[in-house]
Amino acid sequence: MLIFTKNRKERKAMSVYISPSGEGSLTARISGEIDHHSARWLRMDIDTALNDNHPNHLILDFSSVTFMDSSGVGLVMGRYKNMKAMGGTVELAGMPPYIEKVMTLAGMDKLVKMSEQNGQKKQSEALSVTEKGKEDING
């Protein structure tokens, strides 16, 4: 099942490519801008794919998203509720740092799996902060 949304009247800078991604999983690769106009079309396209395929796991890939306002949080929350009703789970993947921060501040990390875009980089950043903290303590 593939759905491609592009150049809708209400939003020209948004697209979503939805495809199976393993047994029982569905991946929605979102690109462009997520605002209140585009979120409506994203919801419709993703929900159609969920109803047609009944996956047990939905992956929302944000790696090509260039802008997101609070409508993105609403988009994720609605898909979480739909998947929960179907007995499934949601995973957020490929989030740029600003999107990950917004999702975490909204508490989405308590409801859905949030995959790190670059786990190695984040781990090394955490180590450097820890090492700096030791230096500050030790004088």
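Analyst: Two strands pair if DSSP finds at least two bridges between them. Helices (H or I, at least four residues) and strands (E, at least two) are DSSP runs, numbered from the N terminus. The structure is a predicted model, in which local features need pLDDT of at least 70 and side-chain atom pairs count only at pLDDT 80 or more, while totals for chains, interfaces and linings use all residues. Residues are numbered from 1 along each chain as its sequence is written, and side-chain values use heavy atoms, with hydrogens and water left out.

User: How many helices and strands does the protein chain have?

Analyst: Read along the sequence, the elements follow the pattern β-β-β-α-β-α-β-α-β-α. The count for the protein chain is therefore, with the DSSP runs taken as elements, four helices and six strands.

User: In the hairpin of β2 and β3, which residue takes a positive phi?

Analyst: Strands β2 and β3 run antiparallel and are joined by seven bridges. Within this pairing, S15 stands opposite S31 in β3. Four residues lie between the two strands of the hairpin, and the one with a positive phi, near 115°, is G22.

User: How many of the ten residues of β3 are buried?

Analyst: A residue is buried at under 20% relative accessible area, exposed at over 50% and partly exposed in between (1.4 Å probe, protein chains only). Across the 139 residues of the protein chain, 42% count as buried. Strand β3 is largely enclosed by the rest of the structure, because its buried residues number seven of the ten.

User: Which residue in β4 does A28 stand opposite?

Analyst: Strand β3 (residues 25-34) runs parallel to β4 (residues 57-68), and nine bridges join them. One of the pairs places S25 with its bridge partner H57. For A28, the residue opposite in β4 is L60.

User: What distance does α1 reach from its first C-alpha to its last?

Analyst: The expected span of a helix is 1.5 Å times one less than its number of residues. Helix α1 has 18 residues, and the span expected at 1.5 Å a residue is close to the one it reaches, 26 Å.

User: Is H54 buried or exposed?

Analyst: H54 is found in the loop between α1 and β4. Its phi is near 50°, a positive value in a residue other than glycine. With a relative accessible area of 58%, H54 is exposed.

User: At what distance does a polar contact join the side chains of S115 and E91?

Analyst: A polar contact is a pair of N or O atoms within 3.5 Å; within protein, one must be able to donate a hydrogen and the other to accept it, and residues adjacent in sequence count only if both atoms are side-chain atoms. S115 lies in the loop between β6 (113-114) and α4 (119-138), and it counts as buried at 17% relative accessibility. The polar contact between the side chains of S115 and E91 is 2.4 Å.

User: Which residues does S63 touch, not counting residues up to four places away in sequence?

Analyst: Contact means heavy atoms within 4.5 Å. S63 lies in strand β4 and is partly exposed, with a relative accessible area of 40%. S63 and A93 are 30 residues apart in sequence, yet 7.2 Å apart in space, C-alpha to C-alpha. Beyond its sequence neighbours up to four places away, S63 touches A93 and G94.
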